[in-house]
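Please keep the model open in your viewer, with the selection tool ready, and follow the stops below in order.

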Amino acid sequence: MESAVDVHRLHFAFTVTFHYLFPQLTMGLALLILILKTMALRSGDEHYNRSARFWAKIFGINFALGVVTGIPMEFQFGTNWAEFSKAAGGVIGQPLAMEGVFSFFLESSFLGLFLFGEKRLGRVGHWLSALLVFLGSWLSGYLIVATDAWMQYPVGYRLRPGGDIELASFWALILNPWALGQYAHNMTGAVQTGCFVMAAVGAFYLLTSRHIEYAKSFVRVGVVLGVIAAVVQMAPTGDFQGVMIARHQPVTLAAMEGLFRSQQGAPLAILGQPDVEKRQLDNPLEIPSMLSFLTYRKWSAHVSGLDAFPQDQWPDKIELLYYSYHVMVGLGTIFIAVMAVSVFLLWRRKLFATRWMLWVLMLSAPLPYIANTAGWLTAELGRQPWLIYGVMRTVHGASPRVVAGNAWFTLIGFMGMYTVLSMLWLFLVYREIEQGPEPDEKPSTPAPASRPATVN
Amino acid sequence: METVWFCLVAVMIAMYVLLDGFDLGAGAIYFLVAQTNEERRQVLASIGPVWDGNEVWLLAAGGVLYFAFPLLYASGFSGFYLPLMMVLWLLILRGSSIEFRNHIQSAVWIPFWDFLFSLSSLLLAVFFGAALGNVVRGVPLDETGYFFEPLWTNFQLGDHPGILDWYTILVGVTALLVLMMHGALWVQLKTEAAIRERSASVASWAWWGVLACTVLLTGVTFRIQPQILVNFKTWPVGYILPALAIAGLAGVQFELRRGKELNAFLASCAYLLGMLTSVVFGVYPMVLPARNPAYSLTVASAKAGAYGLKIGLVWWIVGMLLATGYFVYVYRTFAGKVAANSDSHS
């Protein structure tokens with residue numbers, strides 16, 4: 001790390017990676033809790049309400065951590081990336097401000113009601129508060145993705161005389177095609193995190209013979225929604241992202257795939273280690289012509305390799321980009337397999353007795369976190385060396401007066417603080433899982449009454 | 001149009017101070033008014049359902065500031081780098097304390113979070129005050145439009161001031177006293193019995209401190225930032241703002257003696273609003289005054305493109321109407337005193 005801009009990059013990368021561990025779960029859980037509340041409302045079965053209450057506790061812990069780690073993200077645009085903010089704040093400030101005005105007010109108002117107001121609100125009112133929390137968190141996701149999408153694929157702007165960028169079309173910014181595709185891909189990722197975590201907790205209970213009825217509901221909801229999300233993650237959403245990158249960031253595609261040489265019928269690398277100096281992929285395991293087909297739907301299509309672009313256009317961390325992308329795709333493939341087998345076993349009514357599959361589900365819980373993180377690394381490393389693709393380079397975006405020493409000071413501070421938060425998070429979430437869904441204090445209806453409705 | 005946005009950002013910041021101000025204040029007076037675990041739980045319950053929403057005003061105001069005055073956001077935030085990062089850390093500690101305290105009923109867990117909650121609330125009040133002091137005093141902007149302030153230099157108001165000097169420390173202490181009074185009036189409004197009595201007495205002695213600091217600061221500030229006097233002379237209608245502050249402060253004492261809890265809290269809101277708007281009115285058209293007036297950032301030099309400001313106004317109005325609706329609903333739902341033995345998590 002020689003220059004301040006590298007420290008600023010690490011600063012943002014570290015804080016945003018840590019932050020996104022929480023929203024990916026809460027956005028996924030918001031949907032799952034809404035589903036549980038809907039099932040409770042439709043069937044009148046208190047079992048689903050108690051399930052929702054249990055997940056609301058996990059949601060609450062994660063939401064709180066998402067809030068406190070999220071505030072630094074907005075601030076860092078100004079503190080660490082002043083030149084970027086000065087130039088582009090008139091554009092990207094719009095979706096960021098809208099996030100505060102439209103999502104955070106909605107979420108924070110109704111989360112309090114959702115968590116503390118079940119008795120005051122009544123059945124429909126409480127369901128409505130769950131719906132509003134869901135809408136708020138998913139809207140927030142969209143506005144953040146739209147911000148990033150504009151940096152990937154800037155639209156609806158024009159340059160002012162001084163070189164700054166101003167907004168030219170609000171709707172172009174908000175309905176950026178890149179944002180729509182990236183949002184769909186990102187949200188299926190969040191739903192997968194929610195589904196895998198829910199199914200894993202269910203599997204854990206089944207394997208330890210506790211809370212059996214809840215466990216079955218958790219696994220069932222988790223894998224049924226999970227298999228849909230896993231497939232949609234790959235296609236059409238992932239596929240669409242790939243096509244957009246091929247069209248608008250071809251050099252990024254070449255770096256992601258580790259394709260150093262332009263060629264017809266380009267192979268798809270499954271494994272292999274990129275050697276950027278020698279410009280080759282070591283120990284490659286490839287599917288011939290597959291990359292050409294996936295990108296252009298033609299086996300013999302010509303795909304540009306890195307050699308087709310001047311080196312100052314290349315992403316600057318090709319190795320990390322290559323691995324992030326491959327980890328994401330590899331895990332995505334595994335998710336489809338895990339969820340498909342689980343749903344098949346569920347359909348055959350064997351899942352709850354198939355211990356090895358429950359083990360797999362339980363141990364899979366961390367994987368979607370890794371996949372989502374790898375996905376974002378792919379997007380952001382792939383955008384390099386640009387901060388705003390084709391408009392502003394990353395080296396020109398940092399704060400001119402904030403020297404490396406000050407950036408390291410605060411980065412180390414965040415690292416220390418987030419280490420403590422991680423431990424707290426693991427401890428508190430594990431405690432909720434240990435305590436389980438049935439509150440020992442005051443069950444609102446006699447427990448046995450709710451049992452018969454849940455067969456399977 | 002930029003003047004409209006200047007006013008709207010000021011309104012949002014004022015909303016933040018009024019709302020998050022009382023829960024920061026509740027944190028600062030925490031150990032003074034609540035002695036048992038049960039009493040502390042009640043103080044937390046009085047802000048529990050609303051503090052997060054209150055804090056959103058800071059984020060939303062920040063976002064609006066970002067797109068309406070990008071240069072101000074870039075210059076101000078990078079110039080105040082160190083104190084802003086510390087504010088972020090304090091916000092993290094404070095949010096975690098409120099959320100995690102009640103998870104485990106243990107004699108080591110609860111006091112630990114209680115201490116962090118109160119300390120971080122108290123320090124945030126001082127930091128926000130000092131930040132306001134820095135803006136009023138002016139920062140060492142140069143011709144590039146940037147500056148970087150160390151945390152402190154020699155505590156004097158020279159050409160190379162630090163974040164902390166005698167003036168900004170004075171504003172910080174004032175802010176702490178003001179928010180302690182404001183928070184105490186809120187806690188008084190929301191609680192009963194012993195906590196209510198103690199809050200009332202904290203509010204009344206803090207009031208004398210606020211009065212003394214307000215008088216002292218007003219005198220000093222007119223000398224430090226001459227623009228304020230110029231503005232009041234140019235537009236005498238502006239005197240209505242300090243009049244509001246004076247009326248509010250008098251009202252606090254008057255209503256406190258009559259035992260009207262809600263009126264006293266609202267009077268405190270009026271005082272805060274009057275003080276903040278007086279400052280904002282006084283520095284206009286500057287958004288960030290410089291020590292060398294030639295380099296001050298103004299509404300005109302810091303504003304974003306005209307189209308963005310216009311379209312922003314459309315969604316801002318819609319969004320604010322919605323947000324106001326949520327707030328009215330939430331505050332009504334959780335209106336009334338916090339029950340002495342209720343479980344805030346039920």
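Select chain A and colour it by burial: buried residues make up 54% of its 456 residues, where a residue is buried if 20 or more other C-beta atoms lie within 10 Å of its own, exposed if 12 or fewer, and partly exposed in between, with C-beta atoms placed from the backbone. What is on display is a predicted model, in which local features need pLDDT of at least 70 and side-chain atom pairs count only at pLDDT 80 or more, while totals for chains, interfaces and linings use all residues. Residues are numbered from 1 along each chain as its sequence is written, and chains are lettered from A and ligands numbered from 1 in the order in which they are written.

With chain A still selected, switch to a cartoon, in which its secondary structure comes to 13 helices and eight strands; helices (H or I, at least four residues) and strands (E, at least two) are DSSP runs, numbered from the N terminus. The radius of gyration of chain A is 23 Å, close to the 23 Å that the globule rule gives for 456 residues, so chain A is as compact as a globular protein of that length; this radius is taken over C-alpha atoms, and the rule is 2.2 Å times the number of residues to the power 0.38. Along its principal axes, the C-alpha trace of chain A spans about 70 × 50 × 40 Å.

Next, select residues 318–347 of chain A, which form helix 10, a run of 30 residues that reaches 43 Å from its first C-alpha to its last, close to the 44 Å expected at 1.5 Å a residue; the expected span is 1.5 Å times one less than the number of residues. Just after helix 10 of chain A, stop at Arg349(A), which takes a positive phi of about 60°.

Now move to chain B, whose secondary structure comes to 14 helices and two strands. Its C-alpha atoms fill a box of roughly 60 × 40 × 40 Å along the principal axes, and buried residues make up 55% of its 346 residues.

Within chain B, select helix 1 (residues 2–28) and helix 12 (residues 261–283), whose axes come within 10 Å and cross at roughly 145°; axes are lines fitted to C-alpha atoms, for helices over the stretch in contact, and angles run from 0 to 180 degrees between N-to-C directions. Show side chains where the two helices meet: residues of helix 1 of chain B including Ala10(B), Ala14(B) and Gly21(B) meet residues of helix 12 of chain B, among them Cys269(B), Leu272(B) and Thr277(B), contact being counted if the C-beta atoms of two residues, placed from the backbone, lie within 7 Å. The residues of this contact between helix 1 and helix 12 of chain B divide into nine nonpolar, two polar and no charged, where Ala, Val, Leu, Ile, Met, Phe, Trp, Tyr, Cys and Pro count as nonpolar, Asp, Glu, Lys and Arg as charged, and the others, Gly among them, as polar.

Display both chains together for the interface, where 54 residues of chain B are in contact with 52 residues of chain A. Helix 14 of chain B gives the most to the side of chain B that touches chain A, with 13 residues. By class, that side of chain B has 35 nonpolar, 17 polar and two charged residues.

For the last stop, centre on Trp89(B), which lies in helix 6 of chain B. Which residues does Trp89(B) touch, not counting those up to four places away in sequence? They are Gly413(A) and Met417(A). Trp89(B) counts as partly exposed, because it has 19 C-beta neighbours inside 10 Å.
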